[in-house]
Amino acid sequence: MSDYQIVFNKACLVGNEQEYMSQAVANGHISGDGAFTKKCSALLEQELGVPKVLLTTSCTHALEMMTLLLDIRPGDEVIIPSFTFVSTVNAFVLRGARPIFADVRPDTLNLDESKLEALITPRTKAIVPVHYAGVGCEMDAIMEIANRHGVPVVEDNAHGLFGRYKGKHLGAFSVMAAQSFHETKNFSCGEGGALLINDPEYIERAEIIREKGTNRSRFFRGQVDKYTWVDIGSSYLPSDILAAFLYAQLENRQKIQAHRQKVWNFYYENLKAWCAAHEVQLPYVPEHCDQAYHMFYMLLPTLELRQGLIAHLRQRGILSVFHYLPLHLSEMGVLFGGKPGDCPVTERVSDQLIRLPFHNALTESDQRRVVEAILEYEF
Ligand SMILES: *Cc1c(COP(=O)(O)O)cnc(C)c1O
């Protein structure tokens, strides 16, 4: 168990998780694509207005499926923000692609669309915006640039489920998007993910790749009379027991999102005066974005002050964390030619950012303790 009284993240039940898992077992179908997997896919397709949703074993695996569907090969270039989780880039590097790291905007910490076009070359095979903290990237500008160059866009929407940009759901803008249902995300089944497919051209092959390179999905629908090996592929189906857990969470999406909105607003309202007085930057949500309330972060003026605040909170039993060491300066990033100064905003915010405890079981009294502890941090 943790030494912290207020942890950063905590898994919790929000509804019928246990009952649905028992039902999945009683159904006698606990491998992939059982009744609960179908319920999750149907719910997401309908809510998001996406033609096809395939549950996967993780967001990382959904990203790997994208790279197979886009036929990413050695020598291809992929434009990815340096300020993201390792999986966004690793899925492409696994296929031999070369990551071209893009910097982020200083306000939303999303891929800086004004710097995008300069990174496109004839070898660019994909652009991968990440909706950081569940706040939408500038999708109009990104799609316009990408379309003009004929480069496909795929979204890493691990943070952004049910968030919107100009009224349209995040994950619905590009050819495909990846979702995460990891324990740390808004909706979880421990480990899990989904591939959202907006361009119907990719649906049939996605089903094959997810089913070990076989046409088993078509066989089950009675569209072919036997199933066989037809393409490359792997095993990206989660057990229906996990889908049962996830369905209980997705069913409670309003409750979960309402709670997370309350948590976010409490931090914002109670910290804004202190932040203004200390030149601490709060998260910025553009007017045209409905955020997904994935996290609450602040940017302290310096690395020393950020580390100091993490230590100050630790002494009071509160776990806060920093976020994203710049990928272009990581051990792997350097092998691809990354060097200091390539992405100045990423390098700066990576030193300054602190994330506060944020989860579906966080109470207002927990939050009050976090806020009081922050207000006692003198500098
Ligand atoms: C969590 C996360 C992932 C990976 O999700 P998994 O489901 O753990 O594979 C990928 N990208 C981003 C931006 C994430 O936050």
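1. Let's start with E364, which sits in helix α13, the stretch covering residues 364–375. Please keep in mind that this is a predicted model. The relative accessible area of E364 is 37%, so the residue counts as partly exposed, given that this class lies between the 20% and 50% limits. Apart from residues up to four places away in sequence, E364 touches K262 and F266. V263 is also worth a look: its C-alpha lies 7.6 Å from that of E364, although 101 residues separate the two in sequence.

2. V93 belongs to helix α4, residues 86–93. With a relative accessible area of 19%, V93 is buried, because the limit for that class is under 20%. Setting aside neighbours within four places in sequence, the contacts of V93 are P99, M332 and F336. D225 is 132 residues from V93 along the chain, and the C-alpha atoms of V93 and D225 are 37 Å apart.

3. Most residues other than glycine have a negative phi. D33 is not a glycine, yet its phi is positive, at about 55°. D33 lies in the loop between α1 (17–26) and α2, and its relative accessibility of 22% makes it partly exposed. F162 likewise has a positive phi without being glycine, with a value near 75°. Its place is the loop between β5 (154–156) and β6 (164–165). Is F162 buried or exposed? At 13% relative accessibility, F162 counts as buried, whereas D33 is partly exposed.

4. Now for a helix pair. Helix α2 (residues 35–48) packs with helix α8 (residues 240–251) at an angle of about 35°, and their axes are 7 Å apart. The crossing is left-handed. On the α2 side, the residues involved are A35, F36, T37, K39, C40, L43 and L44. These meet D240, A243, A244, L246, Y247, L250 and E251 of α8. Sorted by class, this contact contains 10 nonpolar, 1 polar and 3 charged residues. Spacing along a helix is handy to recall here: an α-helix has 3.6 residues a turn, so residues three or four places apart point the same way.

5. Helix α12 (residues 344–352) deserves a point of its own. Which of its residues are buried? They are V345, T346, E347, V349, S350 and Q352. The elements covering these buried residues include two strands from elsewhere in the chain, β3 (98–102) and β11 (297–299). Helix α10 (303–315) and strand β12 (353–355) are also among the cover.

6. Finally, the overall picture. The protein has 13 helices and 12 strands. Its radius of gyration is 21 Å, close to the 21 Å from the globule rule for 379 residues, so the protein is as compact as a globular protein of that length. Along the principal axes, the C-alpha atoms fill a box of roughly 70 × 55 × 35 Å. Buried residues account for 55% of the 379. Of the contacts with a separation of 6 or more, 70% are between residues 24 or more positions apart.

Conventions: Residues numbered from 1 in each chain as written. Predicted model: local features only at pLDDT ≥ 70, side-chain atom pairs only at ≥ 80, totals over all residues. Heavy atoms only, no water. Axes fitted to C-alpha atoms, helices over the stretch in contact; angles between N-to-C directions. Helix = DSSP H or I, 4+ residues; strand = E, 2+ residues; numbered from the N terminus. Left-handed = near helix turned anticlockwise from the far one by under 90°. Contact = heavy atoms within 4.5 Å. Nonpolar A, V, L, I, M, F, W, Y, C, P; charged D, E, K, R; others polar. Rg over C-alpha atoms; globule rule 2.2 N^0.38 Å. Buried < 20%, exposed > 50% of the residue type's maximum accessible area, 1.4 Å probe, protein only.
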